[in-house]
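Please keep the sequence and the structure in view while reading.

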Amino acid sequence: MTAVENDADVIVVGAGPGGSATAYHLARHGVRVLLLEKTEFPREKVCGDGLTPRAVRQLIRMGVDTSPEAGWLHNRGLRVIGGGVRLELDWPDLASFPNYGLVRTRLDFDDLLAKRAVSAGADLRTSVNVIGPVLDDNGRVIGVEAETGPDKAPATFHAPLVVAADGVSGRFPLALGLAKREDRPIGVAVRRYYRSEVRHDDDYLESWLELRAKGTGELLPGYGWIFGLGDGRVNVGLGILNSSSAFGKTNYRRLLTDWLANTPPEWGMTDEANAEGPTLGAALPMGFNRVPHYTRGVMLVGDSGGMVNPFNGEGIAYAMESGELAAEVAAQALARPAGAERERALMAYPQELRTRFGGYYRLGGIFVKLIGRPEVMRVATKHGMPHPTLMRFVLKLLANLTDPRGGDAMDRVINAMTRVAPAV
């Protein structure tokens, strides 16, 4: 094959949190990076809009101002409701993570992160829909085919390395034959915005472990959330895991309406006039449900590589964290000659992902199977919720917030559990 002129050192497909974080850290390492986004900013994304301290840490590492003056709503922790108990759990005080969470809509959030990538030196191009890889004679990816602009003009971009950060759809890895693994957990979430003067300004993210129908009190499938946005609105949603018998057999939008009908009228969530926009849904690819995370010149980041936390459905923190790791590995690899030496460096990426998250995600897969059984969930809620110390342990486990060295007894137990669990 004739040698081609590269448009960049790395092409990043998708400018969501994972892609923008990758591009930012690559540019900071002095790597020429081309960030391709199929839409225009600002743009909507289906999400709970809540960020745990794990995600906040990644924002700080990208130099983002997370102060209230910069438009962020801070929260102190998680409010858990279930089994007749209402428990407020503050985020733990740790050396490794800040002690606050944030809320911000994806309309603002993704735009802000893309601008951070550009400020670091990344070349962002929007309205570029990547449709597949460009392969060399050995089947290695050396670029991407795309359609650009409203007229979908064909374009080809070349780079020695491509990062797929194209989200749940994973169209780019699918084009390489990397399908989702059916033995890994997956969830479905729906959410809607409501105007609510009563609930919009909240110090806690709120999680509902039990959803009840109005009138009958019937237990509905799934788990809900109410996150105040601080601007007169709330983000309200629910999720169902594929370990539930209701998965794939339920009208999720109607389920959300049935649950909200049981909330107090003054909250504003029972009145359609208070709703802003439709109820939208998205899949949650969990526990490394697409692998390998590096192959033939392509690295998978975030949802594209199934990196959503099975314990709590959090994806943004892991998208940004995997993006930073991918950038570090790519920078090291590109400093080596093309060939076996560079490939050896690139293989550090999937190995480090397994070391960081493999055991934890394995535990998460077990957790998903257990809570998919209503009788197990009832017992856990009834006997666990009344014990604040136990619930603080559960919060640390579910949010993956521990100090890796030192820390308290809870940290040491959780860290030991993730070390001995076989990596997924």
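In this predicted model, three strands form an open sheet in the order β3-β7-β4, with antiparallel pairing. Helices (H or I, at least four residues) and strands (E, at least two) are DSSP runs numbered from the N terminus, and two strands pair if DSSP finds at least two bridges between them. Because β3 (50–51) and β4 (73–75) stand at the edges with a single partner strand each, one side of each is left without a neighbour in the sheet. Three bridges join β4 to the antiparallel strand β7 (residues 101–103), and Asn75 stands opposite Gly101 in β7.

As the model is predicted, local features need pLDDT of at least 70 and side-chain atom pairs count only at pLDDT 80 or more, while totals for chains, interfaces and linings use all residues. Residues are numbered from 1 along each chain as its sequence is written, and side-chain values use heavy atoms, with hydrogens and water left out.

In α10, the buried residues (under 20% relative accessible area, with exposed meaning over 50% and partly exposed in between, for a 1.4 Å probe and protein chains only) include Met391, Phe393 and Leu395. After α10 comes Asn400, whose phi is positive, near 55 degrees.

Which residues have the most contacts inside the largest nonpolar core? They are Leu59, Met299 and Tyr349, in a core of 61 residues; such a core is a set of buried Ala, Val, Leu, Ile, Met, Phe, Trp, Tyr and Cys residues joined through side-chain atoms within 4.5 Å. Its largest share, eleven residues, comes from helix α6 (residues 316–334). A second, separate core of 21 residues includes Val188 and Trp259.

Finally, Asn138 lies in the loop between β9 (128–135) and β10 (141–148), and Asn138 counts as exposed because its relative accessibility is 71%. Although Asn138 and Arg296 are 158 residues apart along the chain, their C-alpha atoms are separated by 9.1 Å.
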